[in-house]
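Work through the two exercises below with the sequence and the model at hand. Each task is followed by a solution in steps.

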Amino acid sequence: MELSIHRDYQGICRWTADYLIERIKAFGPTRERPFVLGLPTGSTPLGVYRALVSAYNEGKISFAHVLTFNMDEYLGLPGDHPQSYRYFMEESLFRHVDISPGNTHVPNGMAVEPLKECAAYEEAIKNAGGMELILGGVGANGHIAFNEPGSSFGSRTRVEVLANETIMSNAKFFDGELSEVPTRAITMGIGTVMEAREIIILASGQQKARAIQEAVEGPLNHHCPLSVLQMHQNATIVCDEEAAQELRYRTVLQNKTWD
């Protein structure tokens, strides 16, 4: 696992967008061999998505042969609900670039049989050849996707009951109304995430500092799901100064990317 520390949120977004663009272009995707990309939602990746849209408008990147799989979706929210992750992705990225609607995958939050939806999602990822790269975020409690503390490192796409801390954190997207936040979600499992050939995790802000410290400097621990990246051969945590503030001084010196 690598660590890349940047001065601020803008630095994270700029570095990550530039890296994704170069990674996709170097891959040389085609219709027969698309670049398979895992994507997150939430406030942290918004700056990356804005930078990718700008790069597309400037002719620097095409998403015509990119296949996406989002990491999670709330159960009980239809795709046109303003707080569903399908809606978020359409508004933040998909409708602004040249990606085919058929190439975008988000779990169906209104699935009549959620367990079958989970199995079908796993099968779709497998049929696509697996994920070349996952871009993800991390919760304040160390969760990745919606894999809450205590999740099995071998877990597959499944229905997860959200922790109270996660519900309280996400209430800001529902006008502060805790009762409006769904309590369950479909999420890629940790085992699913770990099968990606490359993983990049974004973290910004003081509220993520404890999770970053535990994942980077602490032991492998089911109570901090992010720590599983210690076992991945090609994983990078990209964070800003605030998210890195609980790391040891030497760790910061060895991994900062500014002068």
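This is a predicted model: local features need pLDDT of at least 70, side-chain atom pairs count only at pLDDT 80 or more; totals for chains, interfaces and linings use all residues.

**Exercise 1.** Determine whether the residues of strand E9 (residues 199-203) are buried or exposed, and find which strands pair with E9.

Solution. 
1. Sort the side chains by direction. Ile 199, Ile 201 and Ala 203 point one way from E9, while Ile 200 and Leu 202 point the other way. In a regular strand, side chains alternate between the two faces of the sheet.
2. Check burial, for which the cut-off is under 20% relative accessible area. Five of the five residues of E9 are buried, so the strand is largely enclosed by the rest of the structure.
3. Look for the neighbours. Strand E6 (residues 133-137) pairs with E9 in the parallel sense over four bridges, with Ile 134 opposite Ile 199.
4. Strand E10 (residues 235-240) also pairs with E9 in the parallel sense, over five bridges. Here the bridge partner of Ile 199 is Ala 235.
5. Follow the chain between the strands. E9, helix H7 (residues 209-217) and E10 form a right-handed β-α-β unit.

**Exercise 2.** Describe the largest cavity by its volume and its lining.

Solution. 
1. Count first: there is one cavity of 30 Å³ or more.
2. The largest cavity holds about 40 Å³ of space.
3. List the lining: Leu 37, Leu 39, Leu 52, Phe 63, Val 66, Thr 68, Leu 93, Phe 94, Val 97 and Ile 99.
4. Assign the residues to strands. Strand E2 (35-39) and strand E3 (66-70) each supply at least two of the lining residues.
5. Sort by class: nine lining residues are nonpolar, one is polar and none is charged.

How values were computed
Residues are numbered from 1 along each chain as its sequence is written. Side-chain values use heavy atoms; hydrogens and water are left out. On a 1 Å grid over the protein atoms alone, a cavity is a set of points where a 1.4 Å probe fits but cannot get out, and a pocket is an open set with protein on both sides within 12 Å along at least five of seven lines; lining residues have an atom within 4 Å of a point. Grid points are joined across faces, edges and corners, and a volume is the space filled by probe spheres set on the points. Ala, Val, Leu, Ile, Met, Phe, Trp, Tyr, Cys and Pro count as nonpolar, Asp, Glu, Lys and Arg as charged, and the others, Gly among them, as polar. Buried means under 20% relative accessible area, exposed over 50%, partly exposed in between (1.4 Å probe, protein chains only). Two strands pair if DSSP finds at least two bridges between them. A crossover is right-handed if, with the strands pointing away from the viewer, the path from the first strand over the helix to the second runs clockwise.
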